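Good morning, colleagues. Please take a moment to look at the sequence and the structure on the screen before I go through them.

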Amino acid sequence: MHKYCAIICRTLIHEKTIKYDMISCEKYIKDNNISPDDTNWLVKNALVNYRIAFYASVVFLYQSMLAKYTDPIIQAKLRKNKQLNLYTKKDGTPKSINHESFENYIIVDLAKRDVHNKSFELFMYAALMYQLEEYNRIILKEII
């Protein structure tokens with residue numbers, strides 16, 4: 001399933017499901033005094049295609065975990081959470097306040113690789129999805 005996650009992500013990056021005008025985007029940034037260091041705005045707006053690709057693969061991973069884990073306790077916890085933990089604290093903030101959130105880091109990296117015409121590393125992304133699954137499985141087993 002992890003390789004399918006990578007294929008979904010790569011396909012959506014290639015297809016760019018949302019088309020928009022970069023000149024208008026740059027004008028909006030300038031007119032609204034949006035800081036070039038505001039990664040949250042960048043990820044949620046200008047890099048929306050990469051965000052869609054990332055989240056589509058994470059949703060696929062979540063659904064595959066629902067199918068894979070037959071333990072009723074893990075199933076119940078997955079269904080209750082309705083999402084995977086992307087290396088965040090219970091309040092939804094990143095684990096480290098000194099770094100970008102995991103999702104922002106991955107989305108920016110996906111965008112940089114695409115813009116610079118670097119190949120999408122299918123196996124590395126699949127390994128990342130595997131680690132995300134394992135992290136969530138461990139958390140789900142620990143929660144009482």
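Which residues of helix 3 are buried? In this predicted model, the buried residues of helix 3, which spans residues 39-46, are T39, W41, V43 and A46. The cover over these buried residues includes helix 2 (22-31), helix 4 and helix 6.

Leaving aside residues up to four places away in sequence, M129 touches H2, C5, F54, S57, V58 and L61.

S64 lies in helix 4, residues 48-68. Is S64 buried or exposed? With a relative accessible area of 11%, S64 falls under the 20% cut-off, and therefore S64 counts as buried. Its side chain reaches the backbone oxygen of L61 at 2.8 Å.

Finally, the surface. M1, Y4, I7, L122 and F123 make a nonpolar patch of about 550 Å². Helix 1 and helix 7 are the elements that give two or more residues to this patch. F123 belongs to helix 7, and because its relative accessible area is 63%, over the 50% cut-off, F123 is classed as exposed.

Thank you for your attention.

Conventions: Residues are numbered from 1 along each chain as its sequence is written. This is a predicted model: local features need pLDDT of at least 70, side-chain atom pairs count only at pLDDT 80 or more; totals for chains, interfaces and linings use all residues. Side-chain values use heavy atoms; hydrogens and water are left out. Helices (H or I, at least four residues) and strands (E, at least two) are DSSP runs, numbered from the N terminus. Buried means under 20% relative accessible area, exposed over 50%, partly exposed in between (1.4 Å probe, protein chains only). A polar contact is a pair of N or O atoms within 3.5 Å; within protein, one must be able to donate a hydrogen and the other to accept it, and residues adjacent in sequence count only if both atoms are side-chain atoms. Contact means heavy atoms within 4.5 Å. Patches are made of residues with over 30% relative accessible area and no salt bridge: like charges are joined within 9 Å, nonpolar side chains (Val, Leu, Ile, Met, Phe, Trp, Tyr) within 5 Å. Accessible areas come from the Shrake-Rupley method with a 1.4 Å probe; for residues, only the protein chains shown count as cover. A salt bridge is a side-chain nitrogen of Lys or Arg within 4 Å of a carboxyl oxygen of Asp or Glu.
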